[in-house]
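We will walk through some charged pairs, one selection at a time.

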Amino acid sequence: MPEERTQHSEDSKGRTGPQELRGSVATFDRVEEGATAIATLSIKNHEVFESRVRDRSHVCPACGRASVHRFLYRKNGCDILRCEQCGLGRAETMGFDPESYYTSDYFSGELPDGYADYIGTENILRREFAGTVEFIRKFRASGRLLDVGCAYGFFLHEAKRFFDVSGIELAEDAAEHCRRSGLNVFTGQADETLLGRLGTSDVTVLLDVIEHLPSPRDTIALLVNHLDPGGIIVITTGDFGSLYSRVAGAHWRLMTPPQHLWFFSQASMQAMATSLGLEVEHLDHPWKVVPLSLISFQLTRMSGLRSKRIAISNRLGLPVNLFDAMRVVLRKPSR
Ligand SMILES: [Zn+2]
């Protein structure tokens, strides 16, 4: 059998001949079954054509190259595109302002894509963060540690048993909460001014933060400049190349633009590291203890319902691994 897909049909004058199914030009007038098949094919080809039209060129913040970005789908009014070079996903947003979004509402269940009750789940989060600190100490046992996007400081409180810690947080309420608990935390974005005041660090962590940054490459490059040689950057984020992400498409639990703007895969993480002169020292998909209230909150959101209040205890947590989130350790070479 030849590989080429051809179909025999009669034209309007009754002549029979092979007709290549190349696009929406193929038509069937008489054979109804065939007409349905062709119509379906036409729509499909039309969709492919449509999405090709919506492809566009961007400079990718992961691989750093100007490349074609394939249009995948629309979600929450944002176009989702993927870099052809490295696989990084990007959400194109219209006028999203992070400063007005990341307020206390984001952490207290007032926004559908935020946290159910961040402060209420402190015990579970701190147990989880204690595990993260243990993990980090395999790569760097002590020194100065900076947490970018430190929220209410739960991670910093676990880390300060071994490290000299400081943090940066955009949400004023959260940053203030940190300072009241005795932590050295600045309000704002990780820019040159703030990092200049903080000095260099041995360990920089971004826990579920990189996907929110307006310019992740610029931010990571700045953080690399303020990292001591031999120091590490620890990043946790979703894995856009994971099975769950690929199967679920627009319905993936972490596909939540405009809060999530970037969707890294292992390849795009590797590309970013290499192009910024970092080495990928470790990459895995860790198990995580997740508060039951957050699981319920996310399930409610995905089912399209709006939950009033979460009745399930904040003290309960479940070990979860959908293998769609990764933990990466990047090392700045010591020279
Ligand atoms: Zn790329």
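Is Arg331 buried or exposed? Select Arg331 in this predicted model: with a relative accessible area of 15%, Arg331 is buried, because the cut-off for that label is under 20%.

The side chains of Arg331 and Glu281 meet in a salt bridge, at 2.7 Å from N to O. Colour the strands and you will find Arg331 in β16 (residues 325-331) and Glu281 in β13 (residues 279-284), so this pair ties together parts 50 residues apart in sequence. Glu281 itself is partly exposed, with a relative accessible area of 36%.

Next, go to Arg56 and show Asp79 with it. These two form a salt bridge whose closest N and O atoms are 3.0 Å apart. The link joins distant parts of the chain: Arg56 sits in strand β3 (residues 56-59) and Asp79 in strand β5 (residues 78-83), 23 residues apart. Asp79 is buried at 9% relative accessible area, while Arg56 is partly exposed at 24%.

Keep Arg56 selected and bring in Glu92. Here is another salt bridge, with the closest N and O atoms 2.5 Å apart. Glu92 belongs to strand β6 (residues 89-92) and Arg56 to strand β3, so the pair connects parts 36 residues apart in sequence. Glu92 is partly exposed, with a relative accessible area of 22%.

Notes. Residues are numbered from 1 along each chain as its sequence is written. This is a predicted model: local features need pLDDT of at least 70, side-chain atom pairs count only at pLDDT 80 or more; totals for chains, interfaces and linings use all residues. Side-chain values use heavy atoms; hydrogens and water are left out. A salt bridge is a side-chain nitrogen of Lys or Arg within 4 Å of a carboxyl oxygen of Asp or Glu. Helices (H or I, at least four residues) and strands (E, at least two) are DSSP runs, numbered from the N terminus. Buried means under 20% relative accessible area, exposed over 50%, partly exposed in between (1.4 Å probe, protein chains only).
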